Structure formats: structure tokens, C-alpha cells
Amino acid sequence: MYSHGSESLIKQARDIQESELQKFYSRLLKLLQGKELSHETIDSLQRLLLILSATKYTQRLPPELQKRITALLSSSAEQLQVLSSAVLRETLPSPGHEVNYNQEKTSLMNSHAAALLLSQARSRADLSSLCTQLIHGLEVRQAEGSAHSLSHTLPVINTILTHSPESLSEEHVTLLSKKLVDWLRYASITQGGGASSGGFFTGPRSRQPVPIAELDGTVSGDFFTVLCVGQGFTDDQWMNVYSFSVLRHWLLAYHSVSNGNTTADTDDRSEVDGSVVSMVSATSSSSRLLPPKERLREKAFQYCQRLIEQSDRKAHKRIDTDLQKACLVEAVCILDCVCEEDASLVFRTFPCVKALFSRLSSDLTFARVLLPIAQFYLHHGETAAVDCESVWNLVFGRFPAELFNEHFLAHELLRFLRLNLESLQLRVPQYTKSFPNLLKFLAWDSPAVVCDFADLLPSLVTTGTAVELLHTLLDLPCLSATLILQHRSACLPISDTGGRPLLLLDAFRSPSYRGLFLFLLRGEAGSGDTIDRLSTLHELLAEAADWPRVVQCAQTVPVLLYIFFNTVITGADDKLLAHLILVMLERSSLLLNIPKYIKEIHRVFSSQLLRLCKLHPSLVVDQSHELLEFAGATVNVYNKEDIYTHVVWVLGEYLSVSCDSRCSVRLITSCFETLEAVLFEITSSAPPPGTVCPAPRVITTLMSALAKLASRSHDLIPRVSLFLSKLKSVNRGGSLPWCTNEDDLTAIVTRGEELWSLLKAPGVAQSVLTPPPYISTPQWHRDTNMATPLRLRALTNLTHSM
């Protein structure tokens, strides 16, 4: 984990003796008492930090040394601020020198000092005292350059509000809400530092205040916002920017503060120097009659409307265009917050948000702005009784279809879906039908979004979508390859490692196969569960089987299939489950030719088939024709060993009157004859060319299934006994065309002898091969009539008493 040199330094720091440590403290104190701090001082501080952090217990520094290090927090060198803050966080305050928040010079505070103050708070009372000092410090008339310290005050308060909202009182909320109103709405409207009119006789008297400008260069005619520009900014303008950055979190979190009685503050007067409060006081008297929280909401509403208006201006610089988009996202989110708290604002806000959506919806470069607008529609569309269909057609239609390769949008859209899952299921019918489009994000970048889809997939599974969703999950590697073709065909030609153009690109552009790719690229469910020419599609995509993006996508499918079946089993009816069994049997031979992928899918199908039949044994009778057709195909023994073995097992286990009264002797006989034919065929000849010998598990499972069926219809016992008796005569030490391994052959013969012995006593055979539930799932440890519970309790008492 550490290099040898690092481990040596840490060991030295841990092994330092107390006498040596005291000498080091004295030497460092002398260095700190000098007029100038040298490199030796910085090296000593770094060594002190290593000593303190490498030891197990928190230590105390000598009072004078701690005082000197604390003074470094206000140093002009940031390196010293960082070192001193880190050292003090590793120490305990000296007795009698605990942090006194009332004596802290908040006007000199920087981010490192603020972090130290926050880390040294030991209780809720300490946090409350810190809040009191910080917030009351905002009320004091600040000196020139004070915005620097205030900019660090807001994040500290924001952090406290995040982790311990109960530390803020109603008074704190009121005071800070007032200050935020001042900074947001009443910041100066002239540029900071003044500007010269030019000329030879330029001097202090000739400097005139220059108004702030908009991003398009025009003079601003309204109040200052973060989208105003100038040659310089005043302190209150900087605080306007800082206030906007914490506004949304403040609006979301301040309701957690214990509610107290708030009264209208008719004497609220701004104390921000240089503001235009006096100019607008006459026009804002109505808002001043509101309590501080409501007034902050009102000013936040006005500020965001102004930002939306400013975002329509043509910016001269690209960086300003990006700033407009970022501010639009924040503005719409803040409007959503204020409307959540005050429903009366919905009707005032919706015209503005609706106009913004109409302006931006045709330009997908604003997609990340349109998501907060969709959030607003989701929260307040019903209240305002507006039609949201165009919004959802954009979010679930064009976004995934055209921007599936935008990583940031994928993250934000999937996060939006996860956070609003319940509301989307209830209010947005397009959501559950949009999975063919949404899965494009997964097909394009599986590792980055698989966790999101693990959360979303259960909500997409319904009775109407389950079958098509299963087909779509199995076709995800094909979709991944198709998206790669779609993305590159319009710009760069695709070449393989040898530089040869891919034939697949020609197939993608060919009208003959266009329908196959268009089905994979469909935007919503409902056009059909799957397509008829899947085998053709898989042949076309054979070249893509080793593309990294396709391979990554294939690796995620088994995980999603487990989630899919876990969801289906909890609420699906027998009809749907029967249909899913048919899909599994059909699709086991219709998968993109990636060997590891096929093997994993077969493993998933095998386990889920077993699970479905165990929970619903009647499914075996319902789908007996299809199951027998699958089990009767000898080719499945060699190509689909895992799933074939499980199909045979469920036929032998659940084709019984005890599981379903519809199970007749005729059905048992038909199943027996089908399995018997397969067993005779694979044990009487060598495997087909290009295949290996059937696995011993397949043969023993077939024999066990035949024995189970014969035990339920005694007329069949002679037939299976004949085969088993012939098997006894096989030379265990030799090999056969259908089994070349001696150990495997021995295991098969041994199993045959066991079954043959059981079938000599048909009554015993049925009890052993198909035991009743009370025997196969015993609960003797709970049966008070048995001796087992008494023995368990006695053993428990003995072990506990030892």
C-alpha cells in the first residue's frame, strides 16, 4: 500500500520518544516566532502533521505552540493555512483554550479556518453557537474586502444545515433569509472599482460609475444577477453570486429547522452598503410585508425569472453560453422548490417555464436544461392542468434515441427516473412503454449505468411488457452493435483491426435488412415481442461479437435477467409465467453467437425454469407439449446441456398427480416414451461429428426421470428395468462410444444399479423417488410430539452452561 520509504517515515513518526518530541516542539516554536517563515518552518510543520496523524491517539500541543499555529490560519500564504488547519484538526484544544466562537474574528475567516471551526464542534450546542456567531457576523457592517470572509461563511452554514439542521434556530433562519434577500435582489447595479472616461486629464474625479452589462453587451436595465458582466464586481455583487449558489439547498433544507412563530417584519431594512434598497423600497413594500421565508421565496422567484429572461440573450463568448445553460438548470430547479413550498406560485411560474420549454425543446443541445423542466412538469403539471405529453415524448423519445452516447445526459436522465420512480409510474403512461429507448443507454455504456437499470428494471416489468422486455434484454448485445453502426455510419467508416471495411456496415445500410435494425432501434414497446428473422440478424451481427462495447453489454444481461425474473415471479399470473417458459425454450437457441454469453444465459434460464416450476408445478402440465418437444430433440443434449438437464428434471419431478390432478397416465406414458427414445439414442451411438460425449449428468438425469415416471405408472417399470439391467453388464473399466471417461461411466452404472434396485419394490420406489412434502421438507425440530426438539433444547442448555 505504501512505498518502503513512506513506511519508514510513518514508523519513525510512531516511534518518536516523548523527550525528542518536546525538543521538536521547542524548535518549531522558535521557528514560528521568527519574523519570516522559512522553508525549514514548512518542513517542520509537515513533519508535525505526520507525527500527529500517524499516532493512534489525539494529542495536545503546548499552549504557546498551538496559539502560534492557530495564528497561521490568517496567513496570506495558503500553504500555511492548509498546514495549520490540518495540524489543528489532529490535536485537542489545550485546557482553557477551547474554541470560543464569540471571540472568533469571522471577518478574517477563510475556508480552512471555517473547516477547522466546524470540525472542532463537539455537540449540537457548539454548532448552534457557531451558527449564532456566523450569522450575527453577517449583520455587522463589514469593512472593505469583507466579501472574502462572507463567502466562506455561507458554505459553513450550508454544511451545518445539511448535517445538523436542528442546530439552526428559527432566529438563524430568519436572519439569513433576510441577508439572502438583500444580496439576491438589492446588489449594486454599477461595476466594481469604477471606470475611467479616458483622456489626458484622467484622474480620480473623472472616474464615473459604469452600469453593469448583459451578456450580449447591452446595458443592464434591471437588478444584478449572476449573468451580469463587468470589468469588476463589488462585494455585494460577489455575495449575490455566492447566495445564488447556496439558494436551492437553503430552500430545500430550511424547513427542517424547528418551526417557530414568525411574524411579518415590517421594519426589515437592508444593511448592504451601496445597494439600491432606498431606490426600490417604494415599489417593494408589498413584498416587505411578508415574513422572511415567504419574502425569500418571492425574491428567489423574481431572480430566477430574470435569469430565464437573460438566458435568451446572445452571448458573445462560448463560456458565457455554457454559463447560461448552467444558470437555467439552477433557476428551474429553484422555481420547482419554491412552487413545492407555495402552490400559489405555480400559476405564476408555469407561463414562464412553458415558454422556456417551447423555446428550447427543438434544440437538443439544451437537453440537460430540459430535464429540470420535465421535473417541474411532473411535480406541478396536474396542479396547473397542463398537457405534459410533449415533454414526455421528448424525454422518453428523442433524448434516448438521439443522445444515447451523451454520458452526462444518461447519468442525469437515469437519476431523474430513479428519484421520481413512483410519480412516473402513476402519472406518465409513456414511461413503462419506453424501455426499448431507455435501454439504449445501457447498450451503449453498460458498465456506467448498469446499477441505475438494476433499480429501474422492476418498475418496467408489467403484465403487458414482460414478454417483450425479456426479448429486448436478450437482444441487448445486438442493440449495442446496431447503435455502434448507427453512430458511425454517418461519419466515419468502420474498419476491423486489419483495416478492411466491415461488411456489416453495408448490411446496415441495405434496404433488405433495414427492417431488422429498425426493430432494434424502435422507440417504444407495443410493435411486437420480437421478430421472425432473429437467426438472420444474428448471422449479420456475427462480426460484432467481439467488439468491446458489445462484449461489455453481454456481460450485464445475466444480472438484469435475474432482476427481471425476481420481479415477475412476485406478481405474475400462471398465463404469463407459461408464456415466459416458452420464450426461454425458444430463445435458448436464438442468441448472438458469443459463447460465454450463451453459456451464461442458459445457466440463468436453467435456474429460473426450476424456480418457476417449483413455485407453480401446474406449469409443467400446462406446457407439457412444448417441454416434451424440447426434451425430445436429441440435438439439445449436446448444444444445451444445462437447460436440457433441468427440463428433463422438472418433467420427472412435477409430472405427477400429486402436483396437478390433470396429470393422466397417458401424459406420463407419452413423456416416458419421449425421454426413453432420447436415452436409447444417445447411449447406442457415438455423438455427432463436432460434438463431445453427453455429460454424465444428462444421462443420470434421464435415467432418474424415467424411474420416477415408471414408479407412478407401474406398467412402465419393466421397460426402464430392461435398460438398467443392460447397463449393469457394461464393463466399468472400459469405455463406450458415448462415454469415454472411466470415472463418468462408473458413476452412470452405479446410479443405474441404485435405480434398478429401487424399482424392484414399486411402492418403496415411489416413496424414495417422489417423497411426499412432509418428508422432503421436514420440520421435526418444531414438532413438539417428536423427541428432536427436546434433544436440541438439552444440547443448547449444555453448550450455554459451559
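**Helix packing and a pocket**

Mentor: Please note that this is a predicted model. In helix 13, Glu298, Phe301, Gln305 and Ile308 meet Arg348, Thr349, Cys352, Leu356 and Arg359 of helix 15. By class, the residues of this contact are four nonpolar, two polar and three charged.

Trainee: At what angle do helix 13 and helix 15 pack, and how far apart are their axes?

Mentor: In general, a pair of packed helices is described by the angle between their axes and the distance between the axes. Here helix 13 (residues 292-310) and helix 15 (residues 346-360) pack at about 20 degrees, and their axes lie 11 Å apart. Helix 13 is therefore roughly parallel to helix 15, since angles under 35 degrees count as such.

Trainee: Is the crossing of helix 13 and helix 15 left-handed or right-handed?

Mentor: The crossing of these two helices is left-handed.

Trainee: How much space lies in the largest pocket?

Mentor: The general idea is that rolling a probe the size of a water molecule over the atoms shows where empty space is left. In this model the largest pocket holds about 970 Å³ of space. Its lining comprises 36 residues, and Val329, Cys333, Arg368, Pro372 and Glu412 are those nearest the centre. The elements giving two or more residues to this lining are helix 10 (235-253), helix 14 (318-341), helix 16 (367-384) and helix 18 (407-419).

Trainee: Which helix supplies the largest share of that lining?

Mentor: Helix 14 does, with 12 residues.

Trainee: How does the lining of the largest pocket divide by class?

Mentor: The lining has 17 nonpolar, eight polar and 11 charged residues.

Notes:
Residues are numbered from 1 along each chain as its sequence is written. This is a predicted model: local features need pLDDT of at least 70, side-chain atom pairs count only at pLDDT 80 or more; totals for chains, interfaces and linings use all residues. Side-chain values use heavy atoms; hydrogens and water are left out. Axes are lines fitted to C-alpha atoms, for helices over the stretch in contact, and angles run from 0 to 180 degrees between N-to-C directions. Helices (H or I, at least four residues) and strands (E, at least two) are DSSP runs, numbered from the N terminus. Angles under 35 degrees count as roughly parallel, over 145 as roughly antiparallel, 65 to 115 as roughly perpendicular and the rest as oblique. A crossing is left-handed if the near helix is turned anticlockwise from the far one by less than a right angle, and right-handed if clockwise. Contact means heavy atoms within 4.5 Å. Ala, Val, Leu, Ile, Met, Phe, Trp, Tyr, Cys and Pro count as nonpolar, Asp, Glu, Lys and Arg as charged, and the others, Gly among them, as polar. On a 1 Å grid over the protein atoms alone, a cavity is a set of points where a 1.4 Å probe fits but cannot get out, and a pocket is an open set with protein on both sides within 12 Å along at least five of seven lines; lining residues have an atom within 4 Å of a point. Grid points are joined across faces, edges and corners, and a volume is the space filled by probe spheres set on the points.
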